[in-house]
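Q: Could you walk me through how to read a few features of a protein model, one at a time?

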Amino acid sequence: FMANPIHEWFKVEFGNALDRELDRLAAIPSLRPFRRKIHQGGHTFVRELDEQRKLLFLRSPDGSTNYKDNNTVLPPFIFDVRWSHGDLHEAAEEYFQQFPGQVSTYLGFEIDYKGLAKRRSADYHPYARVSLWNMEWSGSRWTVSPILDNEVFRSQDGKAAVGSLDIPFKWFIPLDKRDDIPEDAQNAMLSFDFKELAAIVDEGEEMQRKFDA
């Protein structure tokens, strides 16, 4: 696996933005103890072994968050950045089918990929899209809801779209502990303006152009 600068830059900088938003919500006193237990797991393997420790499932997402009080090593929240490979819908489906209710939120970014000759063109700017899925128990079964599906946040002319990526704070908490969040904080939301996300792509594109040159 060989990563490109724009992919790595976006992955790292979004992780930093994620921590900033979590810290912002920690200003709410009742959320502070929950925030302390959320930590980034990076691209640590998400895996499942059978009783003989034979590998049944293995993936390495671009980013994830774990909860320190949880008895499992599985992250409730996972994100990926697609640059030149993979299918986000397929990846989300794999995680939800393999770990229903344990991996409960999947966030995917797609940055347009073109060949080197096209990328070197002065008028080429990669568009960028975001998708977000969440799984919850509904009545008698697990239900996956698409919150955003290929929503463009940076257009082909390099401009930021109007909008934001909003993620409930409770989605970073294991399902069996979400009821512990006080009622007045149940609707706390992380918010990433599309301008902020597009600016990360801007910086990554600049690094990619230097690399390509």
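Q: Which residue caps the N-terminal end of H3?
A: This is a predicted model, in which local features need pLDDT of at least 70 and side-chain atom pairs count only at pLDDT 80 or more, while totals for chains, interfaces and linings use all residues. Residues are numbered from 1 along each chain as its sequence is written, and side-chain values use heavy atoms, with hydrogens and water left out. Helices (H or I, at least four residues) and strands (E, at least two) are DSSP runs, numbered from the N terminus. Here Asp87 caps that end of H3, with a side-chain oxygen 3.1 Å from the backbone nitrogen of His89.

Q: Which residues of helix H3 are buried?
A: Buried means under 20% relative accessible area, exposed over 50%, and partly exposed in between (1.4 Å probe, protein chains only). In helix H3, which spans residues 88-98, the buried residues are Leu88, Ala91, Ala92, Tyr95 and Phe96. They lie on the same side of H3 because they cover an arc of only 125° around the axis, the arc being that of the directions from the helix axis to the C-beta atoms.

Q: What do the buried residues of H3 pack against?
A: Contact means heavy atoms within 4.5 Å. The buried residues of H3 pack against several strands, including E2 (46-49), E5 (77-82) and E7 (128-138).

Q: Is Trp133 buried or exposed?
A: Trp133, which lies in strand E7, counts as buried because its relative accessibility is 7%. Leaving aside neighbours within four places in sequence, Trp133 is in contact with residues including Leu88, His89, Ala92 and Phe96. Trp133 and His89 are 44 residues apart in sequence, yet 9.1 Å apart in space, C-alpha to C-alpha.

Terms used: A polar contact is a pair of N or O atoms within 3.5 Å; within protein, one must be able to donate a hydrogen and the other to accept it, and residues adjacent in sequence count only if both atoms are side-chain atoms.
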